[in-house]
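Trainee: I should like to learn how to read a structure by questioning it step by step. May we begin with the terms and then proceed to the residues?

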Amino acid sequence: MELALFLIFGLLAVAAALNLLLQRHPINSALSLVVVMMSLAVLYWSLGAEFLAAAQVIVYSGAIMVLFVFVIMLLNAGEEERTTGSRIAYIAGFPGAAAIFCLLTFVFLTERQALGGVGIGGYLDTATNNIAAISTVLFTKLLLPFEVTSVLILVAILGAVVLARKEQ
Amino acid sequence: MVPIAYYLILAAILFSVGVGAFLIKRNVITIFMSIELMLNAVNLTFVAFAHMWHQLNGQIFVFFVMVVAAAEAAVGLAIIIAIFRTRETLNVDQINLMQS
């Protein structure tokens with residue numbers, strides 16, 4: 001049952017990521033990225049992180065992807081032309097990515113027993129506990145970093161306004 | 001019972017696809033989206049390890065990554081708009097002002 005849930009949404013995420021890679025039009029890539037993020041939200045929930053699942057839907061597939069789609073439509077981005085790409089990418093990039101993937105998969109599969117498993121169930125009862133526990137840590141131990149992020153967001157907003165403004 | 005290793009392997013797949021998209025794509029916006037895909041893959045790893053250790057630190061890390069990603073997306077897209085305004089293109093092959 002849990003494995004079925006994981007397989008459905010994991011395969012959906014991988015298929016959408018491959019679709020992002022293969023689509024030529026940016027808007028199709030953006031919509032496949034939304035699918036990846038929604039399936040990741042389900043996987044977060046299955047890992048017992050309800051707050052992050054909600055935040056993933058609201059922040060990532062809500063705010064950030066809307067911003068992306070908005071910019072794509074604003075700039076009227078058409079289909080990208082396919083060029084050869086740089087030689088370094090083919091010599092070092094793709095073998096490097098494949099090597100990272102193979103190494104990580106090998107390590108995770110050999111350490112499979114030590115890593116343990118995930119059982120689903122009883123999370124809805126502890127959903128409030130998850131949020132309460134996160135907020136307790138966030139507002140006591142990590143209060144300063146939390147406040148600093150608000151300054152970071154403010155600076156980012158100002159930077160975005162200054163950069164996107166029409167030059168006089 | 002799903003092994004945590006499967007979640008981590010899924011994150012590795014998504015990260016590798018993100019790296020591949022970053023290298024193949026020629027549109028600035030799509031390249032930026034593949035960076036977001038890589039960030040999401042790393043977030044999944046954080047959450048999986050947080051579940052494995054029964055600790056909240058990983059989840060809080062993901063929270064901060066989300067905040068920084070939101071700020072980064074706003075600034076990055078503003079830069080893309082500024083580039084498009086001056087160069088009239090989104091193709092990275094033609095954005096080579098610093099090369100010459």
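Mentor: Contact means that heavy atoms lie within 4.5 Å. Residues are numbered from 1 along each chain as its sequence is written, while chains are lettered from A and ligands numbered from 1 in the order in which they are written. This is a predicted model, in which local features need pLDDT of at least 70, side-chain atom pairs count only at pLDDT 80 or more, and totals for chains, interfaces and linings use all residues; side-chain values use heavy atoms, with hydrogens and water left out.

Trainee: Leaving aside neighbours within four places in sequence, with which residues is Asn40(B) in contact?

Mentor: Asn40(B) lies in helix α2 of chain B; helices (H or I, at least four residues) and strands (E, at least two) are DSSP runs, numbered from the N terminus. With a relative accessible area of 1%, Asn40(B) is buried, given that buried means under 20%, exposed over 50% and partly exposed in between (1.4 Å probe, protein chains only). Apart from neighbours within four places in sequence, its contacts are Met37(A), Leu40(A), Tyr44(A), Gln56(A) and Tyr60(A).

Trainee: Does Asn43(B) count as buried or exposed?

Mentor: Asn43(B) is placed in helix α2 (residues 28–53) of chain B. Not counting residues up to four places away in sequence, Asn43(B) touches Tyr44(A), Tyr60(A), Val62(B), Val65(B) and Met66(B). The relative accessibility of Asn43(B) is 0%, and therefore this residue counts as buried.

Trainee: How much area do chain A and chain B bury between them?

Mentor: Buried area is the accessible area (1.4 Å probe) that two parts lose on being put together, summed over both. The contact takes 81 residues from chain A and 65 residues from chain B. In chain A, the residues that lose the most area to chain B are Leu47(A), Phe68(A) and Leu75(A), together 10% of what that side buries. Carbon and sulfur atoms carry 79% of the area buried between chain A and chain B, which is about 6800 Å².

Trainee: How many salt bridges does the rule find across the interface of chain A and chain B?

Mentor: A salt bridge is a side-chain nitrogen of Lys or Arg within 4 Å of a carboxyl oxygen of Asp or Glu. Over all chains, the structure holds one salt bridge. Across the interface of chain A and chain B, the number found is zero.

Trainee: Which side chain does that of Asp93(B) meet in a salt bridge?

Mentor: The N to O distance in this salt bridge between Asp93(B) and Arg26(B) is 3.7 Å. The pair links distant parts of the chain, 67 residues apart: Asp93(B) is in the segment after α3 of chain B, and Arg26(B) in the loop between α1 (4–24) and α2. Asp93(B) is partly exposed because its relative accessible area is 37%. At 9% relative accessibility, the residue that counts as buried is its partner, Arg26(B).

Trainee: How far apart are the end C-alpha atoms of helix α3 of chain B?

Mentor: The expected span of a helix is 1.5 Å times one less than its number of residues. Helix α3 of chain B (residues 57–87) has 31 residues, so it should span 45 Å; in agreement with this, its end C-alpha atoms are apart by 44 Å.

Trainee: What positive phi does Glu88(B) take just after α3(B)?

Mentor: Glu88(B) is in the segment after α3 of chain B. It is exposed, because its relative accessible area is 59%. Although Glu88(B) is not a glycine, its phi is positive, at about 60°.

Trainee: What positive phi does His54(B) have?

Mentor: His54(B) is placed in the loop between α2 and α3 of chain B. It is exposed, because its relative accessible area is 70%. His54(B) is not a glycine either, and its phi is positive, at about 55°.

Trainee: What distance separates the C-alpha atoms of Val28(B) and Gln99(B)?

Mentor: Val28(B) lies in helix α2 of chain B and counts as buried because its relative accessibility is 16%. Not counting residues up to four places away in sequence, Val28(B) touches Ile80(B), Leu90(B), Val92(B) and Ile95(B). Val28(B) and Gln99(B) are 71 residues apart along the chain, and their C-alpha atoms are separated by 17 Å.
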